[in-house]
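Biologist: I have a new model open and I'd like to learn how to read it. Could you walk me through it, feature by feature?

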Amino acid sequence: MPQLLLEIFSEEIPAQMQQGAARDLQRMVSDRLKAAGLTWEALTTYAGPRRLTLVIDGLPTATPDREEEVKGPRASAPEQALEGFLRKTGLTRDQLTERDGVLFAVLSSKGRATTDLVAETVDQVIRTFPWPKSMRWGAGTLRWVRPIKRILCLFDGKVVPFEIDGIQSDATTEGHRFLGSGELLRVSDFVDYRTQLEKNFVLLDVADRKLRILEQAKAASAARGLALVDDDGLLDEVAGLAEWPTPILGDMDPQFLALPPEVVRLSMKVHQKYFAVRDPSKDGLAPNFLVVANVEATDGGKALAAGNSRVLSARLNDARFFWDEDQKVGFDAWNAKLSGVTFHAKLGTLAERVERIAALAREIAPLVGADADEAETAARLSKADLVSGMVSEFPELQGIMGGYYARLAGHSDAIADAVRDHYKPQGPADTVPTAPVTVAVALADKLDTLVGFFAIDEKPTGSKDPFALRRAALGVIRLVLENGVRGSLAGMMKPAGTMIITGRKLGADTSYSADLLSFFVDRLTVLLRDQGQRHDLVAAVFALGDDDLVRIVRRVEALAAFLATDDGANLLAGYRRASNILRAEEKKEPLPTGMVQTGLPNQPEAETTLAFAVGAARTAVEAALETEDFAAAMTALARLRAPVDRFFDDVLVNSDIPAERENRLKLLGQVRDVMGQVADFGQIAG
């Protein structure tokens, strides 16, 4: 079947926008073609520095004929309603059909040529494309990320004719700006298109560009006995900067290795898009860099390497200046400057925030086995580097530079490491600190943020989370769980709330606390769901009022294992049956309370057996919960399965004899209560 090939050729597209543009192109074109009833075998998009490309294989030559039934007014409706429906459908009254007193119209339409639909689709896509930033050029009205130079559009080997803002579709493209032939390349299909581009030094697929960069970069490094420092983010970026990427190894002045390696790497990455290189036989970086050029130099890249080395030296000289100057200033001056930096209009300055974090870190320290004095000291140093020269130049180094400066100032490794790592974890893939002082400061930092913004009603809404509170909450949860921090989450948050409310005079309203706890439950649910746990089990455990995250997770894990057994599944069914009966009776009158009687006249054996089983289960469950042996608690509940099943098989709960009915309702209430000590089984779905 025919193939559609589309290329939108423009001036340079920013690397960070390319892959999103490829996805948008695929979505927008496929949505429009599907809406017209078209199907295909395969659809692929490509993005590069100067072109967006789409190829669809197996596309029909025309859209299918369509027939649609449209419901109209009732046959007895006023004449005006009928006339409006006839105008809408373009039919006459005798062309309508009546069914069950309602009029229907059957609308038929012939299929359209695919080329007509493609021309309309490309026009609509280009005019409405969702670039994060776009521009107009010349006298036209069209907007695109950069000026469009040409549009290649072929269907079944022939040009799809259309014109957009003065740009006429054709069958030609261009090769590499410098290495290509300089002539227009006329193509017949995708294979020919891709082949001609590669002959003219253009790699269409970003995966091919990445592979070429990695292979040649590693080979160039290995030839000098060196190894490339991996950086997936930088690889993604440079693969969008060059159509024919050519890695070149350059040298830098070894004196710059006296700078922290993070500074050297960031200077290379942010300003120059260079990869760092290391010597496998030594610690730290090598005095080299790897630049990805967009040309193949005749001298093997020597001139390019030398020129880039001069540029890098200038950048690193700037970094060395900041490094030297920062060491002359120090923490006292930086902390003083924090008084003039607003954290948030309603939450005060960074200096006030540091005071809160320091006090909170001291409170949390005993919970995590940290020295309270060290935790407080680290917290007081934690934000100082935000006003240092180096972090002003490289915001990505916040915390990292503070750690270096703290070590140089003579503070202990524990304090310096806490200053360096207290922002961690910053995402789901980031490592979680385990050093006690670091954990104390990291928790204090994140809890102050969360409590503060919830206290001033700046909560995340929908997809909007301008203060990264979801990330902060996940960070707290991971710190607590992976370090086994025991204690009430509300208890940890309370000092932060008190300090914020008192210090900022926000009033005594603490209603935000419940919202914040619910927010934590949502984040914990997401985390556990990603690990394969059911969301309803978190709700079932949290409903007990416990906010010890470690204990909640252990309960959830034990509950999940229990419900996966036959005993668990059947007991859950019995719980629901008991709850339904009790709920129905509660609507009539208060449920009876007190001791369940055994040995009553004509009392069924199943009733007596369940009464004793519930008593035994309560004792076992309470003992297991006391030692947090949740597996044992579930085992105790499992022993109720058979007595509960037999009770419902042999016993009529709503007996005509009031004393029997009252005793059996008490018994079901006790079954519900003893199970409710483990989890709220009413929250469990399925």
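Modeller: We'll take strands, a sheet, one histidine, a helix and the cores in turn. First the ground rules: this is a predicted model, where local features need pLDDT of at least 70, side-chain atom pairs count only at pLDDT 80 or more, and totals for chains, interfaces and linings use all residues. Residues are numbered from 1 along each chain as its sequence is written, and side-chain values use heavy atoms, with hydrogens and water left out.

Biologist: Okay, strands. Which strands does β1 pair with?

Modeller: The general idea is that strands of a sheet pair through backbone hydrogen bonds, either parallel or antiparallel. Strands here are DSSP runs of E, at least two residues long, and helices are runs of H or I with at least four, numbered from the N terminus. Two strands count as paired if DSSP finds at least two bridges between them. In this model, β1 (residues 3–10) runs antiparallel to β3 (residues 51–57), joined by seven bridges. Look for Leu5 opposite Val55 and Glu7 opposite Thr53. β1 also pairs with β7 (residues 148–155), again antiparallel and over seven bridges; there, Ser10 has Ile148 as its bridge partner.

Biologist: Is β1 buried or exposed?

Modeller: Buried means under 20% relative accessible area, exposed means over 50%, and partly exposed is in between, using a 1.4 Å probe and protein chains only. Eight of the eight residues of β1 are buried, so the strand is largely enclosed by the rest of the structure. Gln3, Leu5, Glu7 and Phe9 point one way, while Leu4, Leu6, Ile8 and Ser10 point the other way. β3 is largely enclosed too, because six of its seven residues are buried.

Biologist: What do β2 and β3 form?

Modeller: A hairpin, with three residues between the two strands. β2 (residues 42–47) pairs with β3 in the antiparallel sense over six bridges, and Ala42 has Asp57 as its bridge partner.

Biologist: Now a sheet. What is the strand order in the open sheet of three strands?

Modeller: Read across it as β4-β6-β5, with antiparallel pairing. β4 (66–74) and β5 (97–99) are at the edges with a single partner strand each, so one side of each has no neighbour in the sheet. From one strand to the next, the twist averages 35°. Seven bridges hold the pairing of β4 with β6 (residues 102–109), and Glu67 is partnered with Ser108. Helix α2 (residues 79–89) lies across β4 and β6, at about 165° to β4. For that angle, axes are lines fitted to C-alpha atoms, for helices over the stretch in contact, and angles run from 0 to 180 degrees between N-to-C directions.

Biologist: Where is His176 found?

Modeller: In the loop between β11 (172–173) and β12 (185–186). His176 counts as buried because its relative accessibility is 3%. Contact means heavy atoms within 4.5 Å. Leaving aside neighbours within four places in sequence, His176 has contacts including Arg50, Asn200, Glu243, Trp244 and Asn294. Its side chain also reaches the backbone nitrogen of Phe178 at 2.9 Å.

Biologist: What should helix α20 span?

Modeller: The expected span is 1.5 Å times one less than the number of residues. The 15 residues of α20 (residues 549–563) should span 21 Å, and the end C-alpha atoms are 21 Å apart, which agrees. At the start of α20, a side-chain oxygen of Asp548 comes to within 3.1 Å of the backbone nitrogen of Val550. Among the buried residues of α20 are Leu549, Arg555, Leu559 and Phe562.

Biologist: Which residues touch the most other members of the largest nonpolar core?

Modeller: A nonpolar core is a set of buried Ala, Val, Leu, Ile, Met, Phe, Trp, Tyr and Cys residues joined through side-chain atoms within 4.5 Å. In the largest, of 141 residues, they are Leu450, Phe520, Leu559, Phe562, Leu637, Leu640 and Phe681. Helix α15 (residues 436–455) gives the most to this core, with 12 residues. Apart from it lies another core of 38 residues, among them Leu33, Leu54, Val122 and Trp131.

Biologist: And what is Phe681 in contact with, leaving aside its neighbours within four places in sequence?

Modeller: Its contacts are Leu559, Phe562, Leu563, Leu572, Tyr575, Leu637 and Met675.

Key
A polar contact is a pair of N or O atoms within 3.5 Å; within protein, one must be able to donate a hydrogen and the other to accept it, and residues adjacent in sequence count only if both atoms are side-chain atoms.
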